[in-house]
Amino acid sequence: PPIPCYRKPKTKRAKRFLEKREPKLKENTKNAMLIKGGNANSTVTEVLKDIYAVKKPFAILYKKKNITRPFEDQTSLEFFSKKSDCSLFLFGSHNKKRPNNLVLGRMFDYHVLDMVELGVEKFVSLKDVKNSKCPEGTKPMLIFAGDMFDVNEEYRRLKSLLIDFFRGPSVPSIRLAGLECVLHFTAVDGKIYMRSYKVLLKKSGCKIPRIELEEMGPSLDLVMRRTHLASDDLYKLSLKQPKALKPKKKKNISHDVFGTTYGRIHMQKQDLSKLQTRKMKGLKKRPAEKSAEGGGSRPKKSKSA
C-alpha cells in the first residue's frame, strides 16, 4: 500500500493540537461522546443530558440526531471518535423492539472494543430531585454491590466499562472536602440500579466527620440486553502498558499487605569462636579448656631470684 503523506503543521496552534493527540506515557483523561440516535425520545434525551452533566468537562454532547445502529454498523462511531478524540461513547435510541435504549462502549485505536446495550426501565432526572448538586468536574467515588459483578463475565466487563466511563482524571492526592459525589451500582435479579448521592460532612465531635448521603440524581434502573465484547487477545493488548511505566524490580526487597518494606541482606558466615566478648570473670576460659585447645599443659615458668 502507498505510504500516507502527513503534512507538517503550519501554525503553532495546529502543532499544539497534533501534540495533544500524540501517544504519551501517561495518556490524557478519557473523553466521552454522547450521541442521540435518529429516533430518540424525551426520556433518552434527558438521560444523555444528565450523564453529560455528571461527566463534564470530559464529555461532548451531540445534540443533532444521528441515524446509525452501533451493533450493525460502527463506522460512524469510529469517525466521531477520531474527529473528537473520544475513546468512550454513550449512544441513546428508542424503538418498539428496544424502548429507551442505551449503548455504552469504549474504543481502542479508534475501533470499537467493548459495547453493552442497556434498557432504561425507570429514570429520575436531576431536575426531579430538589437538592443541591455537586459542582462541575467533581471526581466521583464508585461503589459496586452484587455478586454478579464478580461472577458473570459480561457483568465483570460492564463493571470495567463503568469504571472507565465515570472515573475521571487521575490525581496524585485526595482532599477530604473534595469527596462530594458517590455513584452506586447494584446488580441484583438481572437488573442494574444506578444511584448518585451527594456526601454531606457533619460535625461528629471528633477529628473524623460524620458522613451522610443525600440523593441528588440521576437515578436509573437498567437491564442488560445485547453485548459486544472484545476477544481475550485484543482485550489483553488494550491493557498493555509501556515498559517505562512498569515499576523496576529491586532485588531482595519485599512488601507486606500493610505496605511495610523488608530488605534481605546477604553476609558471609561468621566464626563465632573468634568473637571478642566482654572481659569479665564469668566469660574467661578455664585452665582445662585452655589446655585442651593448646594440645597439652605448658610448664610453669620458674620465678627468677
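## The largest pocket

In this predicted model, the largest pocket holds about 1,800 Å³ of space, a pocket being an open set of points on a 1 Å grid over the protein atoms alone, with protein on both sides within 12 Å along at least five of seven lines, and a volume being the space filled by probe spheres set on points joined across faces, edges and corners. Lining residues, which have an atom within 4 Å of a point, number 40 here, and the closest to the centre are Glu27, Asn28, Lys30, Ser87 and Ser238. By class, this lining has 14 nonpolar, eleven polar and 15 charged residues, where Ala, Val, Leu, Ile, Met, Phe, Trp, Tyr, Cys and Pro count as nonpolar, Asp, Glu, Lys and Arg as charged, and the others, Gly among them, as polar.

## The largest cavity

A cavity is a set of grid points where a 1.4 Å probe fits but cannot get out, and there are two cavities of 30 Å³ or more. The largest cavity has a volume of about 140 Å³, and of its 14 lining residues Leu104, Leu118, Leu162, Met194 and Leu222 are the closest to its centre. The residues of this lining divide into 14 nonpolar, no polar and no charged.

## The second largest cavity

The second largest cavity, of about 90 Å³, has a lining that includes Lys55, Lys56, Phe165 and Phe166, with six nonpolar, three polar and three charged residues by class.

## Basis of the values

Residues are numbered from 1 along each chain as its sequence is written. Local features need pLDDT of at least 70 and side-chain atom pairs count only at pLDDT 80 or more, while totals for chains, interfaces and linings use all residues, and side-chain values use heavy atoms, with hydrogens and water left out.
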